[in-house]
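Visitor: I am new to this structure. Can you show me how to read the place where two chains meet?
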Amino acid sequence: MRITVTGSNKNIHLRVPTSLIFSKASAWIAVTMGRKYAGDSFPNLSVEDMERLLAEFRHIKRTHKDWCLVEVESNSGSYVRVTL
Amino acid sequence: METIGNRISKYRKGKGFTQEDLAGKLCVSSQAVSKWETDASCPDISLLPQLCNVLGITTDELLTGKSNKTEFFPPERRKGLEELTLRVLVNSAAGDKIKVNLPMTLVKMAVEIGVNVVPNVGGDHGDMLKSIDMEKVVQMVEQGLIGKLVEMESADGDTVEVVVE
């Protein structure tokens, strides 16, 4: 996964291994921490549900090269892009 | 690959115009229209809005061939969810833009699990986003609807669109 942030002061380019983010361990961590710190605002997700979602993200990465998930452009000129 | 000339010709014929008719409406010569349609030349940029208005399409459709109109496809012509993409486009009146692109398979899975895939943002556009029923959007797509399925505008000028293509 690539995260790009450009602004007037700084440019940030992050490369995060998707095998790390979309793993089963990550699913457990996300659900556990989400329930602990987000409380009621965290959706009623089981670890298995989260694993399904993350497996789908892994599938998207395999089948769609450079899939742009999110693109944000602010009126001040800052730009954020998240690509699988 | 379809060119701009091909599209001008296609939409002109769709409207039932001859090249002379189209030329007359745009105050150009029929030779100019012929050259556009054979890609020997392009319409002047200042003519594009008028040309698109006469042909009944958007400039985006003319230049890129992509249409955001809502269309219904019968079962034999429908694409599977794995071939479709859901795009959420947010434009705030202040000039901020947000684009989220999600495969429809992921959207459907999220709906089944009970997760909201719509971005959680503040402001009027956040409220508009929260009001979108993604389960209904998935149902519409499964029933054959493609294109711009949701379009909202707040009193402040923020716009939210949900497009499936």
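Guide: Start with a definition. A salt bridge is a side-chain nitrogen of Lys or Arg within 4 Å of a carboxyl oxygen of Asp or Glu. Keep in mind that this is a predicted model.

Visitor: How many salt bridges does the rule find across the interface of chain B and chain A?
Guide: The rule finds one. Arg52(A) pairs with Glu112(B). Their closest N and O atoms are 3.5 Å apart.

Visitor: Which parts of chain B touch chain A?
Guide: Look at strand S3 (97-103) and helix H6 (104-113) of chain B. Each supplies at least two residues of that side. S3(B) gives the most, with seven residues. By kind, the side of chain B that touches chain A has ten nonpolar, five polar and four charged residues.

Visitor: How do the strands of the two chains run, parallel or antiparallel?
Guide: Strand S3 (residues 68-73) of chain A and S3(B) run antiparallel. Four bridges join them. Find Glu71(A), and opposite it in S3(B) stands Lys99(B).

Visitor: How many residues does each chain bring to the contact?
Guide: Chain B brings 19 residues and chain A brings 17 residues. Together the chains bury about 1,600 Å². Carbon and sulfur atoms hold 61% of it.

Visitor: Which three residues supply more of chain B's buried area than any other three?
Guide: Leu106(B), Met109(B) and Ile113(B). They supply 31% of the area that chain B buries against chain A.

Definitions and conventions
Residues are numbered from 1 along each chain as its sequence is written. Chains are lettered from A and ligands numbered from 1 in the order in which they are written. This is a predicted model: local features need pLDDT of at least 70, side-chain atom pairs count only at pLDDT 80 or more; totals for chains, interfaces and linings use all residues. Side-chain values use heavy atoms; hydrogens and water are left out. Contact means heavy atoms within 4.5 Å. Buried area is the accessible area (1.4 Å probe) that two parts lose on being put together, summed over both. Ala, Val, Leu, Ile, Met, Phe, Trp, Tyr, Cys and Pro count as nonpolar, Asp, Glu, Lys and Arg as charged, and the others, Gly among them, as polar. Two strands pair if DSSP finds at least two bridges between them.
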